[in-house]
Amino acid sequence: MSFISVFDVLGPNMVGPSSSHTAGAAVIAALAGKLIAPPIKKVDFTLYGSFAKTYRGHGTDRALLGGILGFGTDDLRIRDSFQIAKERGLEFTFTPDEEEQEVHPNTADIHMQNAAGQEMTVRGVSLGGGKVKITRINGVDVDFTGEYSALIVVHKDTPGVVAHITHVLSEHNVNIAFMRLFREAKGHTAYTIIESDGTLPHAIPEQLRKNLNIRDVMLVQP
């Protein structure tokens, strides 16, 4: 009789015992990893709520690390993500925070550093059933799910930038499903997030960067 681990496939699209604590965690980290230029050399995970309490037993730690490594929710390599990360030279830590209460119970902050020295912190929330949303980037509150193609534009909060963004999207006949603007404060850093139900052309980021007030553009395909 063979032994079946809780980290074996329990369904067609998931490795691990919990859609919230493993599949959702992997999706959060995979989305976060797409927001910074590869390769990622160091990552620190801060876990809140039930993530903090059960992350070892439910495999949240393996799933988060697997997501950063680019593994899908049904990738059996998630079970060995610690060893694979070490082999790839990726430094990682997990810090449970059970004191912070004003967060969703399945929340993780992911602080990443790439080989070029760029750093980014992304907060993600697992909503259940493998669904997630990103709620913060570098301290600025945002809101997107990764279920649609997404364009995240980091720019100065100044007139003309949003018009430039929409003009470029119009040139490429992009059908906008959602468009939201988030900012630190008036005149400071802002994030414009566009989600489309179609594939976003890879030429868009280069065109957007022609505006000197645009600091970074991230393209995330589902």
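Modeller: Let me start with a term: a pocket is an open set of grid points with protein on both sides within 12 Å along at least five of seven lines. In this predicted model, the largest pocket has a volume of about 230 Å³.

Biologist: What makes a residue part of the lining of that largest pocket, and which residues lie nearest its centre?

Modeller: A lining residue has an atom within 4 Å of a point of the pocket; 17 residues line the largest pocket, and V27, L31, T145, G146 and P222 are the ones nearest its centre. Helix 1 (19-33) and strand 7 (131-137) each supply at least two residues of this lining, with helix 1 giving the most, 4 residues. By type, the lining of the largest pocket divides into 8 nonpolar, 6 polar and 3 charged residues.

Biologist: What is known of the second largest pocket, and which residues line it?

Modeller: The second largest pocket holds about 200 Å³ of space, and its lining includes G33, I36, I68, L69, G70 and R88. That lining divides into 8 nonpolar, 2 polar and 2 charged residues.

Biologist: Why is S81 called buried?

Modeller: The cut-off for buried is under 20% relative accessible area, and S81 has a relative accessible area of 0%, so S81 is called buried. S81 lies in helix 4 (residues 81-87) and, leaving aside its neighbours within four places in sequence, is in contact with R62, L65, G66 and L69.

Biologist: What makes you describe helix 3 as mostly covered?

Modeller: Of the 9 residues in helix 3 (residues 60-68), 8 are buried, among them T60, D61, L65 and I68. Helix 3 is followed by G70, whose phi is positive, near 95°.

Biologist: How do you know that residues 150-222 carry the name ACT, and what does the model show for that span?

Modeller: The name comes from an unreviewed UniProt entry, whose annotation "domain: ACT" covers residues 150-222, and such annotations may be inferred rather than shown by experiment. In the model, the end C-alpha atoms of residues 150-222 lie 8 Å apart, and the span is 22% helix and 41% strand.

Biologist: How confident is the predictor, as judged by pLDDT, and where is the pLDDT below 50?

Modeller: The protein averages a pLDDT of 89, and 91% of the residues score at least 70. Over residues 1-12, however, the pLDDT is below 50, although this stretch has 18 contacts in the model beyond near neighbours in sequence.

Notes. Residues are numbered from 1 along each chain as its sequence is written. This is a predicted model: local features need pLDDT of at least 70, side-chain atom pairs count only at pLDDT 80 or more; totals for chains, interfaces and linings use all residues. Side-chain values use heavy atoms; hydrogens and water are left out. Buried means under 20% relative accessible area, exposed over 50%, partly exposed in between (1.4 Å probe, protein chains only). Contact means heavy atoms within 4.5 Å. pLDDT is the predictor's confidence in each residue, from 0 to 100. On a 1 Å grid over the protein atoms alone, a cavity is a set of points where a 1.4 Å probe fits but cannot get out, and a pocket is an open set with protein on both sides within 12 Å along at least five of seven lines; lining residues have an atom within 4 Å of a point. Grid points are joined across faces, edges and corners, and a volume is the space filled by probe spheres set on the points. Ala, Val, Leu, Ile, Met, Phe, Trp, Tyr, Cys and Pro count as nonpolar, Asp, Glu, Lys and Arg as charged, and the others, Gly among them, as polar.
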